[in-house]
Amino acid sequence: MTMVIGLTGGIGSGKTTVANLFGDYGIDIIDADIIAREVVEPSTVGLNAIVGKLGADILLTDGTLDRSKLRDAIFNEQQLKDWLNGLLHPLIREKMLSNISKATSPYCLLVVPLMVENNLQTMTHRLLVVDVDESVQIDRTQARDNVAPEHVKKILMAQASRQNRNAAADDIISNNGNSAELKNKVAELHQKYIKMSHLY
Ligand code: ATP
């Protein structure tokens, strides 16, 4: 089996940036955000079940899921939210496992923003957490998404605390520095993981 390195971190911590740096070494990346979209593509079990529950009004005219309508529909509707999670989480998990089994690089990365919150690190052999100071996190997310700091702070509050996330980590990559520093840290970790991958 391929060694699976879980990659997580708070909003705007640099998960995508770090994953891309590992990708430059030819490492297979399995991205939970992409899979979460794939399991509700037209003609999937996921989308069919959502339409069965909420009606065809939940679709855009091109037959794809109207995500903002779905967000509105589950807002403050805990039961519906639970139903949706009960539907999607197993489908996402199944697809993650299937993609892991197809990985051909010496190890693969499983990128899950809410890994610790959903206890998905159990699907990995090691957990790598991208860690940044909160002020850096807020500045970078604000600059990237052009949103107010309050908006970023609200999302931060809904995520696992920095302390809890770091406590679950086997490796922590600090991303307070510049891109060159980050690249060097990824290079070191890549060497470490390559060595470890022979054990799996
Ligand atoms: P999200 O959880 O919101 O998807 P993320 O954890 O994937 O975010 P990225 O999108 O990789 O984070 O990074 C957030 C922003 O910070 C991006 O605009 C990225 O280019 C920038 N960034 C990441 N690392 C650095 C760095 N070391 N120096 C400067 N900018 C950085």
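**Sheet, domains and ligand shell of the predicted model**

In the predicted model, leucine 7 stands opposite leucine 128 in S4. Strands (E, at least two residues) and helices (H or I, at least four residues) are DSSP runs, numbered from the N terminus. Residues are numbered from 1 along each chain as its sequence is written. Because the model is predicted, local features need pLDDT of at least 70 and side-chain atom pairs count only at pLDDT 80 or more, whereas totals for chains, interfaces and linings use all residues.

The mean pLDDT of the chain (pLDDT being the predictor's confidence in each residue, from 0 to 100) is 96, and 100% of the residues reach 70 or more. The scores of the model are ipTM 0.98 and pTM 0.94.

S1 and S4 are paired in the parallel sense over five bridges; two strands pair if DSSP finds at least two bridges between them. Strand S4 (residues 126–131) is in turn joined to S5 by four bridges, and these strands also run parallel. Within S5, isoleucine 172 is the bridge partner of valine 129, and serine 174 is that of aspartate 131. The five strands form an open sheet with parallel pairing, in the order S2-S3-S1-S4-S5. Strand S2 (28–31) and strand S5 (171–174) each have a single partner strand and stand at the edges, so one side of each lacks a neighbour in the sheet. From one strand to the next, the twist averages 25°.

Helix H1 (residues 15–23) packs on this sheet and touches strand S1 (3–9), S2, strand S3 (107–111), S4 and S5. Contact between two residues requires their C-beta atoms, placed from the backbone, to lie within 7 Å. The direction of H1 makes about 150° with that of S1; axes are lines fitted to C-alpha atoms, for helices over the stretch in contact, and angles run from 0 to 180 degrees between N-to-C directions.

At least two shell residues each come from H1, helix H6 (134–145) and helix H9 (179–197). Of the 16 residues around the ligand (C-beta atom, placed from the backbone, within 6 Å), Lys15, Thr16, Thr17, Arg140 and Arg144 come nearest. The shell comprises three nonpolar, 10 polar and three charged residues.

The domain assignment gives domain 1 (1–27 + 105–200) and domain 2 (35–100). Their centres, taken over C-alpha atoms, are separated by 26 Å.

Conventions
Nonpolar A, V, L, I, M, F, W, Y, C, P; charged D, E, K, R; others polar. Domains from an automatic or database assignment.
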